[in-house]
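Please look over the chain shown here.

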Amino acid sequence: MRMLNLLFVTIPLIFDRKVHSISSEYVSLTSGYNNTWRARNMNKVCIRASSISKDNVLEKSLNNESNSEWDIHVTSPAKINIFLRILRKREDGFHELASLFQAISLSDRLSLRSQSELAKDSMECNMPGVPTDSSNLILKALDVFRKNTGTKEFFHVRLEKNVPMEAGLGGGSANAASALWAINELSGRPATNAQLAEYGAEFGSDISFFFSNGTAYCTGRGEIMEEVESLPSLELYVVKPNVGMSTGAVFRAMDYNELSKTDPKKILNEVLSGNLSRADLVNDLEKPSFKLMPSLMELKKKLIEFGFDVVLMSGSGSSFYCIGVPNCVTWMTDLDSVSPGIFIQKARFINRNPDQWYST
């Protein structure tokens with residue numbers, strides 16, 4: 001281990017501070033069962049782009065605005081916990097964990113432009129309820145970067161949010177990591193990848209993970225990374241009911257006597273050997289989450305009945321990831337009938353090259 005309907009779109013690429021564009025026939029745009037499905041009023045077209053081998057491959061804004069308004073656009077991917085063991089409560093109040101993290105193609109999108117003349121940062125977001133003040137991890141990331149590198153630039157940030165909140169998918173942490181990577185690019189790369197991971201660990205447990213190759217065995221609070229070999233680009237479904245879970249509440253409801261005794265290294269080796277579907281996967285936060293929200297346990301049972309090979313909650317919930325082929329073509333509409341407004345998104349495992357950010 002080492003530490004589809006086809007259409008033409010414009011792909012913005014960044015060289016130094018100027019955004020250029022090229023044309024390429026590369027996007028598969030579909031809706032319905034083959035790509036993405038959101039129940040009731042959550043229907044939304046999904047774009048999946050093939051990876052283009054360039055230094056910075058960035059996707060075109062969906063609202064056709066001029067790219068000249070922004071200095072950089074970056075993808076901000078969600079993550080899942082392929083397994084999650086809680087080992088103990090630490091003296092500092094945090095919990096010692098061991099988990100295999102994996103980046104997935106479900107993602108948000110960040111756009112940044114310089115506004116140093118204002119001497120402050122600002123942001124906007126398309127999703128109601130997302131804070132846009134200093135409590136947002138994106139703005140914290142910009143502050144931490146300036147503190148550590150001495151740069152003086154300030155930015156306006158637009159966040160196009162697709163990753164559900166309170167889902168256990170690391171959306172906020174990914175946003176912070178993506179902001180750190182973006183501002184580092186715009187500042188001439190004063191920080192190394194390892195230093196950016198250290199900056200992220202200053203204000204979040206999961207942020208450092210996104211500076212791995214996209215697959216990492218994480219311990220400590222989640223900030224200690226051991227990079228492992230990338231997993232195959234498996235497809236999965238992310239399923240989240242129209243309710244979220246508070247991570248703090250889940251930990252407070254945890255019974256330490258009910259924690260799994262399975263050695264996390266054993267699970268890791270099983271997954272890395274290519275036996276993910278047969279590995280003894282566990283998430284120690286499922287039981288306390290099910291206590292707080294019994295409907296989550298019923299949702300998991302229903303997903304298992306649909307024939308998926310793997311159904312496991314990610315993080316502290318309330319989302320599940322499902323791997324395999326369902327045995328019922330109407331499983332999505334069946335779920336909506338019992339859980340109105342449920343979020344269902346087809347995705348895949350993704351990874352990144354050392355000098356590039358994530359591309360979906």
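## Model and confidence

This is a predicted model. The average pLDDT of the chain is 84, and 81% of the residues reach at least 70. Residues 1-65 stand apart from that average: pLDDT stays under 50 there. For this stretch the model has 163 contacts beyond four places in sequence.

## The chain overall

The chain has 360 residues, and 56% of them are buried. Its secondary structure comes to eight helices and 14 strands.

Strand S6 spans residues 95-114. Of its 20 residues, 18 are buried, so the rest of the structure largely encloses S6.

S6 pairs with strand S5, residues 72-89, through 15 bridges. The two run antiparallel. They form a hairpin, with five residues between them. Gly93 sits in the turn and has a positive phi of about 95°. Within this pairing, Pro77 stands opposite Ser107 of S6.

S6 also pairs with strand S9, residues 215-220. Six bridges join them, and the strands run antiparallel. Phe101 has Ala216 of S9 as its bridge partner. Strand S8, residues 155-160, is joined to S6 by six bridges and is likewise antiparallel to it. Here Leu110 stands opposite Leu159 of S8.

## Helix H5

Helix H5 covers residues 264-272. Which of its residues are buried? They are Pro264, Ile267, Leu268 and Val271. These four cover an arc of only 100° around the axis, which puts them on the same side of H5.

What covers the buried residues of H5? The cover includes S5, S6 and S9.

## The ends of H5

At the start of H5, Asp263 makes a contact with the backbone. One of its side-chain oxygens reaches to within 3.0 Å of the backbone nitrogen of Lys265. After the helix comes Gly274, with a positive phi near 95°.

Key: Residues are numbered from 1 along each chain as its sequence is written. This is a predicted model: local features need pLDDT of at least 70, side-chain atom pairs count only at pLDDT 80 or more; totals for chains, interfaces and linings use all residues. Side-chain values use heavy atoms; hydrogens and water are left out. Buried means under 20% relative accessible area, exposed over 50%, partly exposed in between (1.4 Å probe, protein chains only). Two strands pair if DSSP finds at least two bridges between them. The arc is that of the directions from the helix axis to the C-beta atoms. Contact means heavy atoms within 4.5 Å. A polar contact is a pair of N or O atoms within 3.5 Å; within protein, one must be able to donate a hydrogen and the other to accept it, and residues adjacent in sequence count only if both atoms are side-chain atoms. pLDDT is the predictor's confidence in each residue, from 0 to 100.
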